[in-house]
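The points may be read alongside the sequence and the model.

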Amino acid sequence: MASAAEPCEGRAAPSDLDCMFAFKPGFDSRFTLGTMVSSIALVGVAVAAVVLLGAPLTIADGKTGASPTAHAASALVNRCEGYWPPPEVCLPLGERYMPFSPGEPLESKECPQRYIQENWPDRAELLTKLQQIEAQAREAEQAGLSLKVLADCGLVQEHFVSRKSYRGFAWSRLVQGDIVGSGEFVDATTGACWPDGFAEHYVGQFAVKPSNVFVAYVQNFDL
């Protein structure tokens, strides 16, 4: 899985009902009364089955509902991690954990200092996995790959992360004058994104713990 900048619009395959009611060239497209009654009955049975039985089992986890990977991906749809208030809001908080106190600017509640945890579990594993995802994205960027290119070649992936480069720089919210990066990683299939440098600078150097949703997203990412 590397990266992509262009999401590919999925086209669902027609269902049995679609095929049953589809108008075909050379055939009379008019429904008889009997056909219409039968159609209504079939729809009613399908709706009742969904209500009574609930969501179908999935092969991935043997439970009802989507797989853990699907849950993590859906939770991160169009959600970005590691974007902070301006430097002038966060820098005065220093480089260590600083809980929010009444009287401080409300905007500062989202500064990275609020999320520093020196010994949070699985930090090393998460950092390694996130860096692997980013490495693949950089390789795809250099090779000119995109989700559309893969789709045109008949290759479909659950996740495809691309790296976008920007002219400006992102300044650290923890260290005065430090430049963190000038790019962004985007999962073209879910819209999830995070800035270049988030892994090394915030997670790796300062032990900033990402949200649980982002942690699950990285852990379930299929490299």
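1. Two strands are taken to pair if DSSP finds at least two bridges between them. Helices (H or I, at least four residues) and strands (E, at least two) are DSSP runs, numbered from the N terminus.

2. This is a predicted model, in which local features need pLDDT of at least 70 and side-chain atom pairs count only at pLDDT 80 or more, while totals for chains, interfaces and linings use all residues. Residues are numbered from 1 along each chain as its sequence is written, and side-chain values use heavy atoms, with hydrogens and water left out.

3. An open, antiparallel sheet is formed by 3 strands in the order 1-2-3. Strand 1 (161–171) and strand 3 (193–195) are the edges, each pairing on one side only. Strand 2 (residues 179–187) is joined to strand 3 by 3 bridges, and Glu184 stands opposite Pro195 in strand 3.

4. Helix 5 (residues 123–143) packs on this sheet and touches strand 1, strand 2 and strand 3. Contact here means heavy atoms within 4.5 Å.

5. Asp196 lies in the loop between strand 3 and helix 7 (198–206). Asp196 is buried, at a relative accessible area of 10%; buried means under 20%, exposed over 50%, and partly exposed in between (1.4 Å probe, protein chains only).

6. Which residues does Asp196 touch, not counting residues up to four places away in sequence? Among them are Arg138, Arg163, Gly183 and Glu184.

Methods:
Axes are lines fitted to C-alpha atoms, for helices over the stretch in contact, and angles run from 0 to 180 degrees between N-to-C directions.
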